[in-house]
Amino acid sequence: MNDSQLLLRLAEANAYLDDAPLPEGIWAPDLALQEIERRIGMSHQANEQERTTTVKAGDPGRSEALTPRRRPSVPARAWLASAVVIVVIGATALFINREEQGLIAGQPPGPLDAYVAALQANDAEAAVAVLSSDVLPGFTPWLVGSDTSGIGVTNCRVTDVEIGRVVCDVDMGPDFFYTLIGGDRETELYANVGDTHIDLIDIPNPDRNVAGVRFRRWVEEFHIDRYAEMFDSSASTMELTRWTEEAAETQFEFLDEYLAYLASQG
């Protein structure tokens with residue numbers, strides 16, 4: 001482990017409260033500090049060995065120092081002290097920054113919290129305003145059109161400090177269209193979080209969901225005349241969902257009929 005990696009270890013250790021469970025690979029603060037103490041001890045031991053090396057002289061009962069005995073230089077001691085101070089200050093700064101973003105409690109940080117609040121309000125315009133990029137063009141408005149009023153985002157954790165990559169657990173809520181038709185309610189959200197905006201990397205969508213595929217095929221079989229309002233079957237795209245708020249809202253027109261169909265199939 002080099003000095004940069006040690007700094008990151010200590011920074012990560014300081015980013016969690018004493019009573020919070022530590023993710024795999026994150027050191028407890030005492031382990032990070034023990035590593036610093038071990039390195040200081042190794043430095044002192046090396047200096048001690050250097051100044052005690054001896055060689056026999058002409059007199060059999062006498063030894064002379066090969067290397068003059070000397071204390072560690074002031075610059076060396078100052079460098080070591082400065083390094084420890086830098087580690088502590090760096091870790092404390094990162095701790096404060098993460099605390100301000102809400103990551104210690106596992107809640108969505110800063111602009112991601114604003115994004116989730118907009119989804120809960122079913123406000124597509126406000127949600128898009130927080131984005132610097134979306135998963136796909138129109139994906140967030142489509143989410144809102146599918147009813148995200150009950151969405152919950154918890155257990156957010158940093159997976160890449162350098163780019164601000166955050167992964168959170170997501171409960172799409174009881175009123176989300178794909179929850180209502182039997183889809184997976186729990187998923188994950190991946191985003192790069194900046195000071196004011198987020199890059200939304202992914203929230204697994206219905207094209208990768210069995211319930212979503214079944215609904216699309218049902219529409220294709222029984223309501224082909226309305227199919228194009230909700231889905232895009234062009235050969236140029238693998239994402240068959242039509243990513244607009246209007247397309248998502250149209251799905252609800254078929255909800256009761258589709259649920260009755262599912263019930264009839266046992």
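This report describes salt bridges and strand pairing in a predicted model.

## Basis of the description

The model is predicted, and local features require pLDDT of at least 70, side-chain atom pairs count only at pLDDT 80 or more, and totals for chains, interfaces and linings use all residues. Residues are numbered from 1 along each chain as its sequence is written, and side-chain values rest on heavy atoms, with hydrogens and water left out.

Helices (H or I, at least four residues) and strands (E, at least two) are DSSP runs numbered from the N terminus. Two strands pair if DSSP finds at least two bridges between them. Strands E4 and E5 run antiparallel and are joined by 6 bridges; within this pairing, Val-158 has Val-166 in E5 as its bridge partner. E4 and E5 form a hairpin with 4 residues between them, and Gly-164 in the turn has a positive phi of about 75 degrees.

E5 also pairs with E6, again in the antiparallel sense, over 7 bridges. Here Asp-171 stands opposite Glu-186 in E6.

## A salt-bridge network on the strands

A salt bridge is a side-chain nitrogen of Lys or Arg within 4 Å of a carboxyl oxygen of Asp or Glu. By this rule the model contains 5 salt bridges. Among the residues involved, Arg-157, Asp-169 and Glu-188 are linked in a network.

Asp-169 lies in strand E5 (residues 165-171) and Arg-157 in strand E4 (residues 152-160), 12 residues apart. Another joins Glu-188 to Arg-157, whose closest N and O atoms are 3.0 Å apart. Glu-188 belongs to strand E6 (residues 186-193) and Arg-157 to strand E4, so this pair ties together parts that are 31 residues apart in sequence.

Accessibility is classed as buried (under 20% relative accessible area), exposed (over 50%) or partly exposed (in between), using a 1.4 Å probe and protein chains only. Asp-169 is partly exposed at 27% relative accessibility, Arg-157 is partly exposed at 22%, and Glu-188 is partly exposed at 25%.

Arg-226 lies in helix H9 (residues 224-230), while Glu-253 lies in the loop between helix H10 (245-251) and helix H11 (255-264), so the pair ties together parts that are 27 residues apart in sequence. Glu-253 counts as exposed, at 54% relative accessibility.
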